[in-house]
Amino acid sequence: MSTMNRRDFVKLAGAATAVGTVGFPMVGFGAPKASVVVIGGGYAGAIAAKYTKLYVPDAEVTLIERKKEYISHPFSNEVLGGERDMKSLTFTYAGLEKRGLKVLQDEVLDIDIVSKTVKTKGGKSLKADYLIVAPGIEIKWGAIPGYGQEAAELAPHAWEAGPQTLLLKKQIDAMPDGGLLVIVAPANPFRCPPGPYERAAQIAANLTHAGKKKAKIMILDAKDAFSKQALFTEGWKHNYGDMIQWVGASGGGKVMEIDAKTLTAKTEFDDFKANVLNVIPPHRCGAIAAKVGLTDDSGWCPVNQATFESKKAKGVYVVGDSCIAGAMPKSGYAANTQAKVAAANVAGAILGMKIEKPFLTNTCYSLLAHDYGISVAGVYEVGADGVLADVKGSGGISPVGAPLDTRKRESVYGVSWYNNIVSDMFT
Amino acid sequence: MYNKKLGVVLAAGLLAASASAGANGPTAAAIVGHTCAGCHGTLGASVGPAPVIGGLSEMYLASTMAAYKDGTRFGTVMERLGRGYTPGEILDMSKFLAAQPWVSGKIPVDAKAAEKGKTIHSANGCAGCHGPTGISPMPNTPRMAGQYADYLYFQMMDYKDAKKAIPGAAMIMRNMLTPVSDDDVKALAAFYASAK
């Protein structure tokens with residue numbers, strides 16, 4: 001059992017005092033308001049903007065996002081399964097504007113990471129005291145030979161939710177019974193590690209409901225293991241029998257070339273001609289980050305993993321899928337808590353408060369059927385090497401072989417996760 | 001089991017320091033408290049069906065999280081998360097969340113089931129501890145009025161299930177609920193969810 005020891009008590013009493021004495025922003029008369037510009041309005045950026053404003057109501061916080069409406073990638077697999085429509089994934093920034101944030105619908109063309117000046121396509125130039133950059137991921141076109149933007153119109157990736165999701169859904173709906181659907185899954189690191197495998201289950205749900213029980217789904221994978229693997233294998237079998245087949249890299253699953261015209265995925269050994277071909281290609285971090293010098297040789301953005309301040313520029317923070325965050329996956333919840341840590345550090349710098357410790361977590365659900373959910377969770381701390389790792393003994397996946405009642409509960413809490421995390425972002 | 005030391009400290013009111021939404025800046029309590037929002041809503045005001053946790057009592061929040069941490073309360077994901085926090089951090093997040101306003105759930109409740117639940121609530125003497133509508137004056141007894149029905153149902157079913165771990169302080173709930181049918185538990189959940 002856990003007990004609070006004397007040291008915790010003393011620490012707590014000290015913290016309680018600190019709240020009362022140094023908690024209030026000391027902004028003098030006539031002092032200029034601190035300005036914070038957040039670039040990118042997704043799972044990381046929207047949260048960074050909201051929580052900076054929450055911590056420092058006085059600060060001028062501007063969120064720059066190129067799209068008028070945001071479409072959530074998490075839970076877009078449920079659209080393919082027929083459980084959800086695009087409307088339930090689509091949000092405006094009106095809720096954040098109500099909180100006193102400025103939302104600028106514009107595209108960032110350049111950032112001077114030393115002077116912290118942002119130039120936009122709309123001709124604006126914004127100079128900030130602090131920048132939080134959250135550009136997410138981009139598809140690495142051409143990384144798989146034959147798979148470029150034109151190919152995606154025939155063999156959709158659907159890895160950025162929107163028209164691509166609807167295109168794939170349309171193709172699934174039109175697929176004949178007995179047809180073959182091939183999912184090409186990328187090597188690590190990529191956004192939403194359990195996503196391709198949840199997608200296979202959601203597509204299987206769609207095909208099953210449509211009575212196409214002879215259809216097959218094959219996942220050709222560039223790696224030999226994947227997130228929540230034992231749980232997916234168990235859940236696929238339970239819900240869909242033998243409909244889903246996974247082929248790992250060493251079993252011949254690595255795709256070397258795509259021929260989109262004939263919907264063929266070519267591996268070292270075989271050509272797989274599909275009725276529907278879903279290619280999830282490798283990604284890179286949002287192009288703006290690379291352009292302005294926030295990336296390293298890996299192509300991703302190195303940060304101080306305790307604060308999320310860029311290792312390339314002072315006062316510039318990088319959060320979400322584009323940053324390097326040790327053991328944290330590129331997931332929506334990871335982005336949410338990283339953004340809050342960056343917001344706390346920006347607020348701390350403005351208010352003169354020292355941030356002792358970051359709190360970073362991940363909770364990620366996958367829905368294999370409307371009543372069958374599984375999860376992975378993690379709590380992270382910065383090790384002596386400066387890299388985020390799991391707090392020893394914490395986190396992990398749902399139990400393998402758990403009763404169906406547990407799977408049902410996790411499906412309920414999975415939907416609840418989505419309801420709450422988007423509410424945290426947009427209200 | 002019920003954590004006596006923790007309860008004494010909490011009851012002593014030593015944690016009365018203000019810990020509001022964030023206007024006090026990024027205090028340790030606020031930073032750790034905000035990590036829950038992805039599943040439990042901003043400031044713990046869940047939009048459901050995961051439980052509302054903002055505005056529950058410090059003692060209940062801290063003892064519940066401590067029970068998840070030490071495995072004395074069955075959960076789906078919460079034990080895995082609970083093990084990631086120190087006792088001091090659990091107190092910090094509890095203090096922060098307890099200082100937030102309670103916001104009742106917004107998912108519509110089956111009115112017929114709620115009506116049936118009210119009679120079961122009366123017949124079983126639930127009000128003795130939980131008050132007439134599921135708001136108890138006792139600090140380790142959680143508010144149920146306006147909580148989400150799905151969550152209340154799952155939790156009561158765990159109390160009924162002898163194979164599931166529950167904290168020592170909740171053994172009375174196991175005794176009270178074991179003779180109640182699953183359908184009646186569902187009705188009770190609907191009653192508390194609909195109560196003000």
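Which residue is the bridge partner of Val118(A) in E8(A)? In this predicted model, local features require pLDDT of at least 70 and side-chain atom pairs count only at pLDDT 80 or more, whereas totals for chains, interfaces and linings use all residues. Residues are numbered from 1 along each chain as its sequence is written, chains are lettered from A and ligands numbered from 1 in the order in which they are written, and side-chain values use heavy atoms, with hydrogens and water left out.

The bridge partner of Val118(A) is Leu126(A). Helices (H or I, at least four residues) and strands (E, at least two) are DSSP runs, numbered from the N terminus. Strand E7 of chain A, residues 117–120, is joined to E8(A) by three bridges in an antiparallel arrangement; two strands are taken to pair if DSSP finds at least two bridges between them. These strands belong to an open, three-stranded sheet of chain A with the order E6-E7-E8 and antiparallel pairing. Its edge strands, each pairing on one side only, are E6 and strand E8 (125–127). On average, neighbouring strands of this sheet are turned by 15° against each other, direction ignored; axes are lines fitted to C-alpha atoms, for helices over the stretch in contact, and angles run from 0 to 180 degrees between N-to-C directions. In general, strands of a sheet pair through backbone hydrogen bonds, either parallel or antiparallel.

Glu107(A) lies in the loop between strand E5 (102–105) and strand E6 (108–112) of chain A. Glu107(A) is classed as partly exposed because its relative accessibility is 28%; buried denotes under 20% relative accessible area, exposed over 50%, and partly exposed the range in between (1.4 Å probe, protein chains only). Leaving aside residues up to four places away in sequence, Glu107(A) is in contact (heavy atoms within 4.5 Å) with Arg66(A), Lys119(A), Thr120(A) and Lys121(A). A C-alpha separation of 36 Å is found between Glu107(A) and Tyr413(A), which are 306 residues apart along the chain.

Backbone geometry was also examined. Most residues other than glycine have a negative phi, and most peptide bonds are trans. Ala158(A), a residue other than glycine, has a positive phi near 50°. Ala158(A) is located in the loop between strand E10 (137–139) and helix H5 (163–174) of chain A, and counts as buried because its relative accessibility is 0%. In chain B, Leu43(B) has a positive phi of about 60° and is placed in the loop between H3 and H4.

A cis peptide bond with omega of about -5° joins Asn188(A) and Pro189(A), and Pro189(A) is situated in the loop between strand E11 (180–185) and helix H6 (195–209) of chain A. The peptide bond from Gly48(B) to Pro49(B) is cis, with omega near 0°; Pro49(B) occurs in the loop between helix H3 (37–40) and helix H4 (58–69) of chain B.
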